[in-house]
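Please walk me through this structure.

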Amino acid sequence: MNPFFNIQETEWEELGGGIKRKIVGYTDELMLVHLCFDKGAIGAPHSHEIHDQIGYVVSGSFEAEVDGKKQVLKAGDAYIAPKHQVHGAVALEQDSILLDAFSPAREDFLK
């Protein structure tokens, strides 16, 4: 794996529903992923069995929900979702970007 990530040289992977991603990098224990949302796109509420997650707002804004609590997050804000906690987000602006950190790495993203 290349030890450097250049955002301009990495293509977006379309996920559907107005969401696309770029994997920034990963090790066995850590993964960073850029997610770009169309306005109104929904990261449906879900939980992880083994992954802790932190979602950092790079740009735009989101209504984030973690463990039944909702809050509007803007650039520089973040949410923390330990494993088993239900979490999700709705983009409030076009091209809102999250930088998600996962521990351990999401092997399912690499297939």
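D108 is partly exposed, with a relative accessibility of 41%, where partly exposed covers the range between buried (under 20% relative accessible area) and exposed (over 50%), computed with a 1.4 Å probe on protein chains only. Its side chain meets that of R106 in a salt bridge, at 2.6 Å from N to O. The term stands for a side-chain nitrogen of Lys or Arg within 4 Å of a carboxyl oxygen of Asp or Glu. R106, at 11% relative accessibility, counts as buried.

This is a predicted model, in which local features need pLDDT of at least 70 and side-chain atom pairs count only at pLDDT 80 or more, while totals for chains, interfaces and linings use all residues. Residues are numbered from 1 along each chain as its sequence is written, and side-chain values use heavy atoms, with hydrogens and water left out.

Side chains of opposite charge can pair when their charged atoms come close. The count of salt bridges comes to three. In one of them E13 pairs with R21, and the closest N and O atoms are 3.2 Å apart. E13 is partly exposed, at 37% relative accessible area, whereas R21 is buried, at 10%. D52 also forms a salt bridge, with K83, where the closest N and O atoms are 3.6 Å apart. D52 belongs to strand 5 (residues 52-59) and K83 to the loop between strand 8 and strand 9, so this pair ties together parts that are 31 residues apart in sequence. Strands here are DSSP runs of E with at least two residues, numbered from the N terminus. D52 is partly exposed at 32% relative accessibility, and K83 is partly exposed at 35%.

Leaving out residues up to four places away in sequence, F62 touches F37, V57, A89 and L98, among others; contact means heavy atoms within 4.5 Å.

S61 lies in strand 6 and counts as buried, at 5% relative accessibility. The side chain of S61 makes a polar contact with the side chain of E93 at 2.8 Å. A polar contact is a pair of N or O atoms within 3.5 Å; within protein, one must be able to donate a hydrogen and the other to accept it, and residues adjacent in sequence count only if both atoms are side-chain atoms.

Technical notes: Helix = DSSP H or I, 4+ residues; strand = E, 2+ residues; numbered from the N terminus.
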